[in-house]
Each structure stands twice: as C-alpha cells, then as structure tokens.
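Subject: Structure handover

Hello,

Here is the structure I promised to pass on. Please look through it first; my notes follow below.

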Amino acid sequence: MRRCLVLVLALFAAPAHAQPSEPATPDDPVEDEPISEDTELGPVVTIEAITIRGNTATLEEIIRLALPIVPGDVLKQSDSRLRDARFKLLGLGYFRDVTVGMRKGTARGQVIVDIVVVERGTFVLDKLWFGRTSVAPYWLGVDVGDRNLLGLGISAGIAVIYAAPSALEGAREQWATELRIADGSLRGTRWGATGSLTLVHGSDFYRISGEPNATYVDHFRGFAYRRFGGRWGATYDITRLSRLSAQARVEAVNTLLPNGPSRTLPDGREVRVDLHLDPGDSRVITVGVGFDRDTRSDPILPHTGGRLTASVEIGSSAIASDYDFATGFARYEHWWPLRDQRHTIGFRLAGGIVLGDAPRFDRIHIADVNRMLTPRALGLVLSNAAPLEILNTRNDKPTIGEVGGIASIEYAAQLFRGTGRKRVYGGDFFFGAGLWALAQTDGIPRADTSVWGDLPLDLYIDAGVRIDTDLGIFELTVANALGRLR
C-alpha cells in the first residue's frame, strides 16, 4: 500500500510554455474577421497596421520581431502567416494565449491586424528531481529559470542536484550544477546566442558479476569522475518557425578508473569491460549543428501540428580533443486532432547513433530511450535497475549503447482548460505505448537464441495526467513513478 501511494504522488516538473486561456478584452470594440487555415481563400488585403495588447511585462518590440508579418504586407485574409503568427508567439513561452484578428482599416482594401496576448508567469520550475534506489539512497534536485528576464526576451536558468552515496564499492556522493543563458534575438535580428556552464562531481558504475537482471550492489563496482566545461552557440531563424543552430563545447574531465576493469560471466568466463573514459585528465572538445522546426498549436499540451529536431556533434583530435567521435540524434512528433481538438492522436519517433571513441556520458543510456527507468540528471547515473521484460526478448540488454531509439503512439484527451485566474491553465489525460531499442555496435548475435529472442528491444507503456500551471508542467504518470523507485 505504501508503494502504491508513492507511485500516485510522484511528480515531475518539465519545461513550461504558453497555454490557451481566456484572452483579455480589448478596450474598444473590434470587428474581427475569422481566420481560416486555408491559404487560397479570401480577398487580397494590405496590412495597414498591427496592434498589440495585453503585454505588461514583455516589450512590444520582442513581440513584433517574432511576427512573420509587418505593416505593408499584401496577403489574403486566410494567409497561413496569420496562423503562423499565433504559433510563433506561443512558442516564445511568454504567453498562455494569443489571438489574432483583423478589422477594417482606414481605406478600402486595408486591414488592421489585432494581436491580443495573455501573459503567463515567466519564472518556471523546469525540473524537479527526487527519488531513491539502491545506487543512491536518495537524491534531490531542482532546475528553475526565467524565460523572459525583465521582459527582454532573455532566458536564464540554474540547476542543482545532490545524490547520497550508496554501499556500492567505489561509489561516492554525487552533485552537479548548471548555469544557462540564451537570447533568441540579438538586437532584433534573426541571430541568437546561447551559453552554459556545467560542473559534475559524479560516480558511475559497471557490472562485475551476476545475472543480467541482478541489481544487488555486490554485483557492481563504482568509479569516480569529474567534469567541468561550457557550451557556446549561435542560432539563426531561417523562418519564423524554423531555426538553425551551431555550437562549440569545451570540457575538462578527470577520471579515477579501477585497474583492469572486468566482469565475470555466469558461465565463469572473465571479460574485459570498456568504461569509455581515459584515465586521469582528458579533454572533450566538439563542434555541432542543429535544426528545429515547430508547428505545434501548443508546446505543452499539443493537439495539432508537429515538431522536428535534428543535431550532429563531432569531436576530433584536430581540434585538440582526446576523443574522436561523432553523434547524430533526431526526433519527430506529430499530432492529429479528433472531435474538435478535445482529443488527439500523437506519433513520436526519436533515435540516435554514436560513432567512434565517444566518452561514456556522450553515449546513449538505456534511460534515454526507456522512460520507465530513472533518467540521467545533469549527467548523473542514479539507478542500476534493469528494464522490465515484457516481450521476452534478450535479457542482457546493454546499459550504454551506440544505437538506440523509440517509436510510440499516444492518445490524449482534454480534461480542462482554465482561465488562468488560479494559475492552472489546462490538463490532459494521456496513454502511450511503443517500442524502444538500444544496441552496441560491436554486439554479436547469439547463436543459441531465436532472432526475436536476440533483439535488444522491448515495450514502453505510460499513462497519466499532465497539468499546465503558471509554475511549470507537472506530470502524474506511471513511468515517472517507476523511474523514482527502481
């Protein structure tokens, strides 16, 4: 009974963005024209002016710079840029609702575009970490930030976490902290800048004996490491809904590795274990590029639209890195509305590949593809739990791999949409299921099993409630609860 109560009460805070609610009432009556999503309908008109109302903390210039339209543009009443304007403003994360309407201008063929925004609190609780496992008797951490500092469009944040040491040999207490800052539009241009500093005092582990699913601490040995470094990047808005990014990373790593790490297999054989880290001091220096296109109707509780992200990162001795490797990751999701958008079906596909001699923390961890396990927090590994065996595939799935991904389908139903007066903007019930997989590129198929039994994949299931609030989004889900106790 006690465990059931913990499962029900487990929460997780994630990034908060805008969410629909009742718009502010204009001071003067406005004869709004309906805006259709059809791009070939309606008379041709010229934008005489754009009015913006409802912003008290956000500078009007920040809003105007995000708009895909300006006075003087010629368009149809159903032009897709009007719809994109709403999506772009919601995507800023500063507003819980945006409405776009048109009224007659001072001359025939001219219109005034009215934009009404409803601001939300920009101080958010991005993440809340807590839980207990055999590797960490307890851990506690928080990630907070301001997404619109002083109304200037600058976001800043800080994250800290502490994990107590366990009885695992070689383990120690863990802690980490990270500082972040970003400006999506430098001096009103399409260019932006990002930066972060991270310090990790960590302790990872590897299996030395036991069956693949054994989780007793005696079957593992820990080792200590420390990481300190920063990331600096630039962004460029290709369109109002698409963004390119470039990034550089410099990181110093110090690792205290055990001598000759090895594992004794159940049949008595002893094999060497590669911990994918250089002993002593080393450097990780990389450069990377990324792409992001977001057309979701809402970035927290989407019921229409989709998002595509992709990134490539390269480390090489040619730029003074001690690790030569390359990583590629991509994610795609799309939502199709059902029954007036109160219900929706979503599809998610995400995956990645790691090539070369990548450091341990740049490889794919099993919790990255299976949310039913404790996720890494600021890089800290907090659990040694094995994944649930649902499909009767191989029971020795790797913990760290080079190829991995997840494909899932999710159904969501709108529970409520609030006015924001009580700082609770909306809630959805959802159920999702899919397949996850993680493999090592040097893995050799086993001859004594079937093809199905040798596959390093299994089933992912989750269900629960997402609630959007002024402080952030809170999830009460099965996977979240499992990830804090296993």
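**Salt bridges**

A search of the whole structure turns up 30 salt bridges, each being a side-chain nitrogen of Lys or Arg within 4 Å of a carboxyl oxygen of Asp or Glu. Before going on: this is a predicted model, where local features need pLDDT of at least 70 and side-chain atom pairs count only at pLDDT 80 or more, while totals for chains, interfaces and linings use all residues. Residues are numbered from 1 along each chain as its sequence is written, and side-chain values use heavy atoms, with hydrogens and water left out.

Start with Glu313 and Arg249. Their side chains form a salt bridge, at 3.2 Å from N to O. Glu313 sits in strand β16 (residues 305–315) and Arg249 in strand β12 (residues 242–256), so this pair ties together parts 64 residues apart in sequence. Strands here are DSSP runs (E, at least two residues) and helices are runs of H or I (at least four), numbered from the N terminus. Both Glu313 and Arg249 are buried. Buried means under 20% relative accessible area, exposed over 50%, and partly exposed in between (1.4 Å probe, protein chains only).

Next, Glu475. Glu475 pairs with Arg371, with the closest N and O atoms 3.2 Å apart. Glu475 counts as buried, at 8% relative accessibility. Arg371 is partly exposed, at 33% relative accessible area.

Glu475 also forms a salt bridge with Arg466, again with closest N and O atoms 3.2 Å apart. Arg466 is buried too. Glu475, Arg371 and Arg466 belong to a network of salt bridges that also links Asp294, Arg296, Arg331, Glu333, Arg348 and Glu410.

**Pocket and cavities**

The second largest pocket holds about 1600 Å³ of space. On a 1 Å grid over the protein atoms alone, a pocket is an open set of points with protein on both sides within 12 Å along at least five of seven lines; in a cavity a 1.4 Å probe fits but cannot get out, and lining residues have an atom within 4 Å of a point. Grid points are joined across faces, edges and corners, and a volume is the space filled by probe spheres set on the points.

This pocket is lined by 50 residues, with Arg263, Asp396, Pro398, Thr399 and Gln440 nearest its centre. β10 gives the largest share of that lining, four residues. By class, the lining has 23 nonpolar, eleven polar and 16 charged residues. Nonpolar covers Ala, Val, Leu, Ile, Met, Phe, Trp, Tyr, Cys and Pro; charged covers Asp, Glu, Lys and Arg; the others, Gly among them, are polar.

There are two cavities of 30 Å³ or more. What is the volume of the largest cavity? About 70 Å³. Its lining has six nonpolar, one polar and three charged residues. Among them are Asp204, Phe223 and Arg360.

The second largest cavity has a volume of about 60 Å³. Asp204 lines this cavity as well, and so do Ser203 and Phe205. β10 gives the most to its lining, with three residues.

Best wishes
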